[in-house]
Amino acid sequence: MQQKLFIFDTTLRDGEQVPGCQLNTVEKIQVAKALEALGVDIIEAGFPVSSPGDFQSVIEISKAVTWPVICALTRAVEKDIDVAAEALRYAKHKRIHTGIGTSDEHIRYKFNSTRQEILERAAACVKYARRYVEDVEFYAEDAGRTDNEYLARVVEAVIAAGATVVNIPDTTGYCLPSEYGDKIRYLMEHVEGIDRVILSTHCHNDLGMATANTMAGILAGARQAEVTINGIGERAGNTSLEEIAMILKCHRNIPIETNINTQKIYPTSRLVSSLMNMPVQPNKAIVGRNAFAHSSGIHQDGVIKNVQTYEIINPHDVGIDDSSIVLTARSGRAALKNRLATLGVQLEGNVLDRIYDSFLQLADKKKEINDDDILILAGVDRSHNRRIQLDYLQVTSGVGVRSVASLGLNIAGEKFEAAASGNGPVDAAIKALKKIIDRQMQLKEFTIQAISKGSDDMGKVHMQVEYDKQIYYGFGANTDIIAASVEAYIDCINKFKL
Ligand code: KIV
Ligand code: ZN
């Protein structure tokens, strides 16, 4: 008989902790709805006490989503739990995810406490959360490095206090798959009351073992996996949702299934990548650009004879449409709308019209428009409600001459212009920008990336700017790399807390 593995998606919490990946509430709702359509069982929507933005997002996601359980993270602190319960008030199905560090490193250095005290705090926070909701998940942070015998006592205590799910995070991504699997097996065999809860995996990828560890945990008895789209998350990231879903689909001898509609994997991956400005590495399993590209002659020959020679996954099963329509300057609005829908972005009316106009402008510059281009165009539309926008930019530069830039900004409807010279075109453009916006800000990091191939390609720029002792992340995309740089700088300024 098939058993069910619950998929707990933490793209909007652990994934969103990644520097530069922050989403606004509207974007988070878009992702949450895509996760619902994908068939995710539990959506971790945020850490409400951490910021007013997170609090509001949990409220709005709770309203927007119907079927999945909405989960909010807390520390083992009563105030956190009060705030989480308040943020979850509109959720049709709700869960509080509370917990505390249980490894000796956490107990000694983070809490300056003892194992006994931490065990008591663990039970107390679960009991407190049960006052608000029936579904309480407890996490034993750094369980990966926690002594198994002590961990079993903590798990027993939180079950007795009313936990419904117990999460065993390998917070530092340290465990070997055999160790992590043994840990879950040990808990399954040594904890009284373990049959009353679901054990959950939450593995980080610091040593590249997150998916292997999650699978080891599932095979040892865990029935919930905490995952993110594209494997994004703290440091090297979390286990990828798409990898776990496809492992279980491909290995039919494992009698465990998920509720994931795998054909929605690729559109969801593209949506998250584009909204978070986080490129997917080309060789990423399942969703990378090269995941289904056969390049060597021997492989191509085999695939032409029979795809089963080198393909264990049918691209259609993950929503990759290999007969995709090529978009050019002659493509109509309907073709663009259809392609965006395949990529997980539903657009209508004025917004579609605006993006279609930008599409035509780009198509005049580029021969062929690819998926990344149109997702960026769709993303660029987010800048329409930003306060500061780039009106125009003109730069002269060359070898042996100083670069000169003049630019115009539109700040809340008012026009400003300035010119400056600099050590290179980007320096000149940013100096001109700073003449208009006169603040103590400093460029800390600047990364330029071409999206795909040709010299007519879109360039993407990621920037970090320091202002008032805080780092702000900005993003810009344009066929003109200097304009993309200025847009990224403006994106940072638009985020300043003034
Ligand atoms: O990695 C971790 O331990 C976490 C917990 C907060 C669940 O993200
Ligand atoms: Zn984590």
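Which residues of H8 are buried? I looked these up before anything else. The buried residues of H8 are Ala210, Thr211, Asn213, Thr214, Met215, Ala216, Gly217 and Ile218. Buried here means under 20% relative accessible area, with exposed over 50% and partly exposed in between, for a 1.4 Å probe and protein chains only.

**Ground rules.** I am working on a predicted model, where local features need pLDDT of at least 70, side-chain atom pairs count only at pLDDT 80 or more, and totals for chains, interfaces and linings use all residues. Residues are numbered from 1 along each chain as its sequence is written, chains are lettered from A and ligands numbered from 1 in the order in which they are written, and side-chain values use heavy atoms, with hydrogens and water left out.

**Helix H8.** H8 spans residues 210-219 and is mostly covered, with eight of its 10 residues buried. Helices (H or I, at least four residues) and strands (E, at least two) are DSSP runs numbered from the N terminus. I then asked what the buried residues of H8 pack against. They contact strands S7 (165-170), S8 (198-203), S9 (224-227) and S10 (256-257), plus helices H7 (177-190) and H9 (241-250). Contact means heavy atoms within 4.5 Å. Gly221 follows H8 and has a positive phi, near 130 degrees.

**Zinc site.** I listed the protein donors of the zinc ion (ligand 2): Asp14 (OD), His202 (NE2) and His204 (NE2), at 2.0 to 2.2 Å. Donors are N, O and S atoms within 2.8 Å of the metal (3.2 Å for Na, K and Ca); water is not among the atoms, so sites may look incomplete. Along the chain, the donor spacing reads D-x187-H-x1-H. His202 is buried at 5% relative accessibility. His204 is buried too, at 4%.

**Aromatic pairs.** I searched the whole structure and found four aromatic pairs. Rings of Phe, Tyr and Trp (its six-membered ring) pair if their centres lie within 6.5 Å; planes under 30 degrees apart count as stacked, over 60 as edge-to-face and the rest as tilted. Tyr356 and Phe359 are stacked, because their ring centres are 5.8 Å apart and their planes at 25 degrees. Both lie in helix H13 (residues 349-365), three residues apart, about one turn of the helix. Tyr356 and Phe359 are both buried.

Tyr467 and Phe496 also stack, at 4.3 Å centre to centre and 10 degrees between the planes. Tyr467 lies in strand S15 (residues 459-467) and Phe496 in the segment after helix H16 (481-495), so this pair ties together parts 29 residues apart in sequence. Tyr467 is buried at 12% relative accessible area, and Phe496 at 7%. Ring pairs join Tyr467, Tyr472 and Phe496 into a cluster.

How many bridges join S15 to S16? I noted nine, with S16 covering residues 470-478 and the two strands running antiparallel. Strands pair if DSSP finds at least two bridges between them. Val465 has Tyr472 in S16 as its bridge partner. Two residues separate S15 and S16 in this hairpin, and Asp468 in the turn has a positive phi of about 50 degrees.

**Cores.** The largest nonpolar core has 115 residues; Phe138, Val155, Val166, Ile168, Ile265 and Ile374 touch the most other members. A nonpolar core is a set of buried Ala, Val, Leu, Ile, Met, Phe, Trp, Tyr and Cys residues joined through side-chain atoms within 4.5 Å. A second, separate core of 30 residues includes Phe496.
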